[in-house]
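Come along and check each entry against the picture.

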Amino acid sequence: MLTLLITEGPLHRAQLARMAGVSRTTVSTISAELIGLGLVTESEPGSGVDGRAREILSVAPSVAVVGGIDFTLTDIHCQLSDLAGRPLSDEGTKVPSDASADQRLAAAMALLDRLLAKSGHARNQVLGLCLGVPGQISRATGVVGLSLPGQPWVGVDVRGKAAELIDAPLFVENNTRLEAVAESMFGAGRDCENFLYVGLSSGIGSGMFLDGTLYRGADGVAGELGHVSVDPHGMPCPCGNVGCLVQYASVPAVLAALRPVMGEGVTVDEVLASAQEGGRAASGVLADAGAVVGRVLANLVNVLNPDRIIIGGELARAGEVLLDPVRTSIARYAMSSSKNVEVVPAVLESGSRAGALGGVALVKQETPGLAAALLATVRHTDAGAQAGA
């Protein structure tokens, strides 16, 4: 019953009985114990409209938290939520682009402690923490593989290093997949079981939801869209391939194409602003990027037949300048039976904040033992208090 309240949020006693497959009497007995332990609360008297306000049960917000921490090249963002899914606090911090993995984890733990103090919790009340990092993460070893040059996480066992800093159940996930999770829960994928999320940023990654489930692949490295070769005669890529998509449609690729026209110091914000104002050079480069992304996505549409493709990342802020060429390429290169796929912009602001939000959602989705851990923690604390008395 506690698991249902954690995963589904506040529920009426009748709903709990139906979903758990037990009688109302059993629900009343179990809920009385959970209320006595301080794990579950009833609605306040008078808050209902049908005289049954106290029939609504929810997880007590003060007993424990789950968290998500997401890392990009220069940003770290942390999100805390109670076990009913209600946000408690979130905050970000900056790190130098050349900061090491150890320095980033230390900064993240300091940020986590600050948010825990703000919400009135302690580290021993963290029942799950998800860390989102760039790169391929081996399911077998947990070690991050090579994605882009200079990434501080390459070769690092992120879970192992984090476990040296905090004693809590830890999850590590690719941060683009966490953005996909966030979109599935709170954004453009909420009503869709089969969709692709594509993040166009310094790298190009994707998250795939198939039949409502996040797909990771056999080794946990699915979604490396940026390293699909679009030109067999192209430049060598650090991944070992040649002519990879990341060399044509990422932020660095767009900036490199526009430096001869817009200057060596051109930024992505300047490129996007120019495109919105109708600048031909910026609009043309972004349109070319969208077209090549669309050609790659047309192949995935043929293979996976998704209902929707969600475009996020920094370049998605270009809007229709980028999205229209994506749609045009899919319409041209995908099979006719698959051409009704929607291509829409992400609803949430891409980046570390969305990744942290996705991390919180992932902890709740993938921790079937969350309720058992919470019960064990509370009963242990209660027993200790009684022994001390």
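Which residues does Pro152 touch, not counting residues up to four places away in sequence? I found Ala99, Ser100, Ala101 and Arg104, where contact means heavy atoms within 4.5 Å.

Before going on, I noted the ground rules. This is a predicted model, in which local features need pLDDT of at least 70 and side-chain atom pairs count only at pLDDT 80 or more, while totals for chains, interfaces and linings use all residues. Residues are numbered from 1 along each chain as its sequence is written, and side-chain values use heavy atoms, with hydrogens and water left out.

**Entry: Pro152**

I placed Pro152 in the loop between strand 7 (126-133) and helix 5 (158-163). Helices (H or I, at least four residues) and strands (E, at least two) are DSSP runs, numbered from the N terminus. Pro152 counts as buried because its relative accessibility is 17%; buried means under 20% relative accessible area, exposed over 50%, and partly exposed in between (1.4 Å probe, protein chains only). I also looked up Asp98, which is 54 residues from Pro152 along the chain, and the two C-alpha atoms are separated by 7.6 Å.

I then turned to an open sheet of three strands, with the order 1-3-2 and antiparallel pairing. Strand 1 (11-12) and strand 2 (40-42) are at the edges with a single partner strand each, so one side of each has no neighbour in the sheet. A reminder to myself: strands of a sheet pair through backbone hydrogen bonds, either parallel or antiparallel. For my entries, two strands pair if DSSP finds at least two bridges between them. Strand 1 and strand 3 (residues 56-59) pair over two bridges in the antiparallel sense, and Leu11 has Leu57 in strand 3 as its bridge partner.

Leaving out residues up to four places away in sequence, Ser58 touches Leu5, Pro10, Leu39, Val40, Thr41 and Arg86.

Two packed helices are described by the angle between their axes and the distance between the axes. My axes are lines fitted to C-alpha atoms, for helices over the stretch in contact, and angles run from 0 to 180 degrees between N-to-C directions.

I looked up helix 8 (residues 251-262) and helix 10 (residues 280-304), which pack at about 160° with axes 10 Å apart. That angle makes helix 8 roughly antiparallel to helix 10. The cut-offs are under 35 degrees for roughly parallel, over 145 for roughly antiparallel, 65 to 115 for roughly perpendicular, and oblique for the rest. On the helix 8 side I listed Val254, Ala257, Leu258, Val261 and Met262, which meet Ala281, Ala282, Val285, Leu286 and Ala289 in helix 10. Sorted by class, this contact of helix 8 with helix 10 has ten nonpolar, no polar and no charged residues. Here Ala, Val, Leu, Ile, Met, Phe, Trp, Tyr, Cys and Pro count as nonpolar, Asp, Glu, Lys and Arg as charged, and the others, Gly among them, as polar.

Next came helix 9 (residues 268-276), whose axis comes within 10 Å of that of helix 8 and crosses it at roughly 70°. That makes helix 8 roughly perpendicular to helix 9. Val251, Val254, Leu255, Leu258 and Met262 in helix 8 meet Val268, Glu270, Val271 and Ser274 in helix 9. I sorted this contact of helix 8 with helix 9 into seven nonpolar, one polar and one charged residues.

**Entry: strand 12**

How many of the five residues of strand 12 are buried? Five of the five are, so strand 12 is largely enclosed by the rest of the structure. Arg308, Ile310 and Gly312 point one way from strand 12, and Ile309 and Ile311 point the other way. I traced parallel pairing over five bridges between strand 9 (residues 195-200) and strand 12, with Phe195 opposite Arg308. Strand 12 also pairs with strand 13 (residues 342-345), in the parallel sense over four bridges, and Ile310 has Val344 as its bridge partner.

**Entry: two positive phi values**

Most residues other than glycine have a negative phi, and most peptide bonds are trans. I noted Asp211, with a positive phi near 50°, in the loop between strand 10 (204-210) and strand 11 (213-215). Asp211 counts as exposed because its relative accessibility is 60%. Asn305 has a positive phi near 50° too, and I found Asn305 in the loop between helix 10 and strand 12 (308-312). Asn305 is partly exposed, with a relative accessible area of 45%.
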